[in-house]
Amino acid sequence: MSEFTERVRAFEHRLQAHMGEIFCPVHLSLGHEGIADDLHRLLTPQDWLFSTHRNHHHYFAKGGTEEKLWDEIMGAPSGLNGGFAGSQSISDDVLHFHASAIVGGLVGTATGTALALQLDSSNAIVVCCVGDAGTKQGVFWESLNFAVLHCLPIAYIVENNGMSVDARLGERQFAGISGRVAAFGLSVRDTVDGALECARMGLPAFHEAQVTLECNHIDMASMLKK
Ligand SMILES: Cc1ncc(C[n+]2csc(CCOP(=O)(O)OP(=O)(O)O)c2C)c(N)n1
Ligand SMILES: [Mg+2]
């Protein structure tokens, strides 16, 4: 296990131990760290990372600090977003990192950011992480089409844990995700390295990671008391 993964897991386990004191919805990333480990190694400060409700590992991958996220989740003014964003909707303009509680909520924004980078002739790229349920949103497919049409420097990454809360993927979708994405003309890569390499060449890419969530879908103090 890498030092980065150990750091993320230690943070998540500490949160788990203090869940009774937390009054915002928290989605831990335990079991999802692999992608973040790769992103931590590959992303530059200029690159952009867009994330989801399950975002702690992504925030750390972009250079986030434990103290700011901890204080944010605890609702403290010293938190990353003054204690107003909680766990789900954190953002850090300096780190070029944004997350949203809305499933698929930032896929359009991520794609628009890739267009802006292209118009600015920037060397930076965008990485857009979603869960398997994020691919059920229309904006996901519209964004793929737009990214291919305009040759945007963006890598879409799906962390497929096979679940949307308690609904299994096989009960929600008739066919696998990667095959349908390939039909849109994106380069489907086996690794995060491959997908980012492609995006750095100015071509939209896609990677689907199979992951296993090692904790509840969601936790918070008020849920634990029920
Ligand atoms: C547009 C929208 N619909 C429903 C929800 C409620 N919701 C929160 S998390 C979630 C499941 C998301 O599953 P997935 O994207 O696969 O991520 P995972 O939690 O499995 O990592 C849902 C349906 C939401 N936040 N936003
Ligand atoms: Mg899922």
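Helices (H or I, at least four residues) and strands (E, at least two) are DSSP runs, numbered from the N terminus. The model is predicted: local features need pLDDT of at least 70, side-chain atom pairs count only at pLDDT 80 or more, and totals for chains, interfaces and linings use all residues. Residues are numbered from 1 along each chain as its sequence is written, while chains are lettered from A and ligands numbered from 1 in the order in which they are written.

**View 1. Helix α5, residues 107–119.** The 13 residues of α5 reach 19 Å from first to last C-alpha, close to the expected 18 Å (1.5 Å times one less than the number of residues). After α5 comes S121, with a positive phi near 55°.

**View 2. The buried residues of α5.** V107, A110, T111, T113, A114 and L117 are buried (20 or more other C-beta atoms within 10 Å of the residue's own, C-beta atoms being placed from the backbone). Seen down the axis of α5, these residues fall within an arc of 155°, so they line one face of the helix; the arc is that of the directions from the helix axis to the C-beta atoms.

**View 3. The open sheet of 7 strands.** The order is β2-β3-β1-β4-β5-β9-β8, with mixed pairing (two strands pair if DSSP finds at least two bridges between them). β2 (91–92) and β8 (187–189) stand at the edges with a single partner strand each, so one side of each has no neighbour in the sheet.

**View 4. Strands β5 and β9.** β5 and β9 (residues 205–210) run parallel and are joined by 6 bridges. N160 stands opposite Q210 in β9.

Technical notes:
A residue is buried if 20 or more other C-beta atoms lie within 10 Å of its own, exposed if 12 or fewer, and partly exposed in between; C-beta atoms are placed from the backbone.
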